[in-house]
Amino acid sequence: MTSSAFHRTITLPAPVCRQAAQHLEQAVHKAIDGAATPWRAFRGADGDDFAFSVPVVEQAAGCLLVLAAESAQSLRPSALRALITVALHLRDAAEAVRRPAVPNPAW
């Protein structure tokens, strides 16, 4: 996972993108607000182009967490765990880009 401070994009591993696209499709079908935009972005990623803007990744993470909360009673524990894992991976990637660099203390 890499990021660019100039373009504010995040490059994600292909398996995470595929899983996110599948889960976001479920979120779209459940009419979770805001899921369509990140779903189109993740679905449209192909080949080696798995770079997304930070806001799209944040929106995807939020939608997946809402999906997890709404589906918690109906999903198998392993499926729920997989969904939450993808959501947290996306959230952590976005937070890593937003976090300011820590300057080295001058000793």
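**Close-up views of a predicted model**

**View 1. Leu65, Ile84 and Leu88 make up a nonpolar surface patch.** Patches here are built from residues with over 30% relative accessible area and no salt bridge; nonpolar side chains (Val, Leu, Ile, Met, Phe, Trp, Tyr) are joined within 5 Å, and like charges within 9 Å. Leu65 belongs to helix α3 (residues 54–71); helices are DSSP runs of H or I with at least four residues, strands are runs of E with at least two, and both are numbered from the N terminus. With a relative accessibility of 33%, Leu65 is partly exposed, a class that falls between buried (under 20% relative accessible area) and exposed (over 50%), using a 1.4 Å probe and protein chains only.

A word on the model: it is predicted, so local features need pLDDT of at least 70 and side-chain atom pairs count only at pLDDT 80 or more, while totals for chains, interfaces and linings use all residues. Residues are numbered from 1 along each chain as its sequence is written, and side-chain values use heavy atoms, with hydrogens and water left out.

**View 2. Arg91, Asp92 and Glu95 are linked in a salt-bridge network.** A salt bridge puts a side-chain nitrogen of Lys or Arg within 4 Å of a carboxyl oxygen of Asp or Glu, and by this rule the count is two. In one of them, Arg91 meets Asp92 with N and O 2.9 Å apart. In the other, the closest N and O atoms of Arg91 and Glu95 are 3.8 Å apart. Glu95 and Arg91 are about one helical turn from each other, because they stand four residues apart in helix α4. As for accessibility, Arg91 is partly exposed at 35%, Asp92 is partly exposed at 38%, and Glu95 is partly exposed at 38%.

**View 3. His23 is a buried residue of helix α1.** This helix covers residues 14–29, and the relative accessibility of His23 is 12%. Setting aside neighbours within four places in sequence, His23 is in contact (heavy atoms within 4.5 Å) with Leu64, Leu67, Ala82, Leu83 and Val86.

**View 4. One aromatic pair turns up in a search of the whole structure.** The partners are Phe42 and Phe52, stacked with 4.1 Å centre to centre and 15° between the planes. Phe42 sits in helix α2 (residues 36–44) and Phe52 in strand β3 (residues 51–53), so the pair ties together parts that are ten residues apart in sequence. Rings of Phe, Tyr and Trp (its six-membered ring) pair if their centres lie within 6.5 Å; planes under 30 degrees apart are stacked, over 60 edge-to-face, and the rest tilted. Phe42 is buried at 2% relative accessible area, and Phe52 is buried at 5%.

**View 5. The charged end of Arg43 sits over the ring of Trp39.** Its distance from the ring centre is 4.2 Å. The rule asks for NZ of Lys or CZ of Arg within 6 Å of the ring centre and within 35 degrees of the ring normal.

Conventions
Accessible areas come from the Shrake-Rupley method with a 1.4 Å probe; for residues, only the protein chains shown count as cover.
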